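Keep the coordinates open while reading.

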Amino acid sequence: MPTSTGGGGAPVSYEDAVGAAYAADGRIVLIDPSGTRSSRYNPTTGVFESADDIDELEGGLPLAEVVAAATVDGSTYLFDAMGRVTIYDRGQGTFSPPDDLSEVLEDSPLSSVGAAFGLGTQLFVFNEGGSSYAAYNASTETWSPVYSFATDFGGGGAPIASVGAAATLGDGSIMLFDRSGAEYCIYGGNGTFSDDFDITELGDGSLSFNETPGD
């Protein structure tokens with residue numbers, strides 16, 4: 001969570017860890033663990049953009065915080081800590097009114113969402129602890145069974161114990177952040193995982209959710 005560095009309007013210091021992430025227009029949107037600040041990351045160049053308050057996300061996010069997000073077939077699903085979901089139509093540039101998880105994703109086998117990523121028409125949703133997941137097919141509106149991340153994802157063997165955020169890269173591989181948001185790995189498909197890396201090794205190493213002069 002953000003902690004004040006002083007009183008009287010002093011700047012706030014945000015943890016440089018990842019709490020949520022999603023693919024957007026060739027980049028990855030990264031959200032801090034408090035769910036209130038975001039930055040865009042270009043995986044091709046390794047460059048990060050300056051961070052913004054979450055209400056600026058996609059031109060006006062109708063949620064006060066984001067704890068999980070995923071882009072599926074042209075739409076981005078954004079989840080808050082209260083169990084509400086809004087869907088951003090990337091083509092139209094509009095948000096749906098926030099609604100309960102049970103209304104947006106009917107018959108969800110998970111009571112809460114801690115992380116998510118999209119792949120094709122499927123939305124992969126992890127529980128709050130990041131230890132279990134299920135896949136929702138947006139075309140058929142059906143769910144897979146619930147699986148264990150440790151033993152089932154990619155056949156098991158991931159270098160992180162649980163998932164706190166995830167995003168799909170342009171080549172179809174999956175960037176997986178651990179529950180603390182301080183480490184990440186890449187799942188390349190066919191049961192292959194990279195080593196785990198510290199968040200300071202992501203891109204050019206300049207990720208920061210803090211305000212920059214002039215913000």
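Q: What share of the 215 residues in the chain is buried?
A: This is a predicted model: local features need pLDDT of at least 70, side-chain atom pairs count only at pLDDT 80 or more, and totals for chains, interfaces and linings use all residues. Residues are numbered from 1 along each chain as its sequence is written, and side-chain values use heavy atoms, with hydrogens and water left out. Buried means under 20% relative accessible area, exposed over 50%, and partly exposed in between (1.4 Å probe, protein chains only). Of the 215 residues in the chain, the buried share is 43%.

Q: How many helices and strands are in the chain?
A: Both come from DSSP runs numbered from the N terminus: helices are H or I with at least four residues, strands are E with at least two. The count for the chain is 2 helices and 22 strands.

Q: What radius of gyration does the chain have?
A: The radius is taken over C-alpha atoms, and the globule rule is 2.2 Å times the number of residues to the power 0.38. For 215 residues, a compact globule would come out near 17 Å. The chain agrees with that, at 16 Å.

Q: What part of the accessible surface of the chain belongs to carbon and sulfur atoms?
A: Areas come from the Shrake-Rupley method with a 1.4 Å probe; for residues, only the protein chains shown count as cover. The total for the chain is about 9800 Å². Carbon and sulfur atoms hold 46%.

Q: Why is the pair of phenylalanine 117 and phenylalanine 153 edge-to-face?
A: Rings of Phe, Tyr and Trp (its six-membered ring) pair if their centres lie within 6.5 Å; planes under 30 degrees apart count as stacked, over 60 as edge-to-face and the rest as tilted. The structure holds 17 such aromatic pairs. In this one the centres are 6.1 Å apart, and the pair is edge-to-face because the planes stand at 85°.

Q: Where do phenylalanine 117 and phenylalanine 153 lie in the chain?
A: Both residues are buried. They link distant parts of the chain, 36 residues apart. Phenylalanine 117 is in strand β13 (residues 115-119), and phenylalanine 153 is in the loop between α2 (149-152) and β18 (165-168).

Q: Which residue has its charged end over the ring of tyrosine 14?
A: The test asks for NZ of Lys or CZ of Arg within 6 Å of the ring centre and within 35 degrees of the ring normal. Here the distance to the centre is 5.6 Å. The charged end belongs to arginine 37.

Q: What is the N to O distance in the salt bridge of aspartate 53 and arginine 37?
A: A salt bridge is a side-chain nitrogen of Lys or Arg within 4 Å of a carboxyl oxygen of Asp or Glu. Aspartate 53 in strand β7 (residues 52-53) and arginine 37 in strand β5 (residues 37-42) are 16 residues apart. Aspartate 53 is partly exposed at 34%, while arginine 37 is buried at 2%. The N to O distance is 2.8 Å.

Q: Which residues are linked in a network of salt bridges?
A: Glutamate 58 meets arginine 40 at 3.4 Å and arginine 90 at 3.1 Å. Glutamate 58 and arginine 40 are both buried. Glutamate 58 lies in the loop between β7 and β8 and arginine 90 in the loop between β10 (84-89) and β11 (94-95), so their pair ties together parts 32 residues apart in sequence. The network consists of Asp25, Arg40, Glu58 and Arg90.

Q: Which residues does threonine 36 touch beyond four places away in sequence?
A: Threonine 36 is found in the loop between β4 (27-31) and β5. Its relative accessible area is 25%, which means partly exposed. Contact means heavy atoms within 4.5 Å. Threonine 36 touches Tyr14, Asp52, Asp53, Ile54 and Ala64.

Q: What is the phi of asparagine 190?
A: Asparagine 190 lies in the loop between β20 (183-189) and β21 (192-193). The residue is exposed, with a relative accessible area of 81%. Asparagine 190 is not a glycine, yet its phi is positive, at about 55°.
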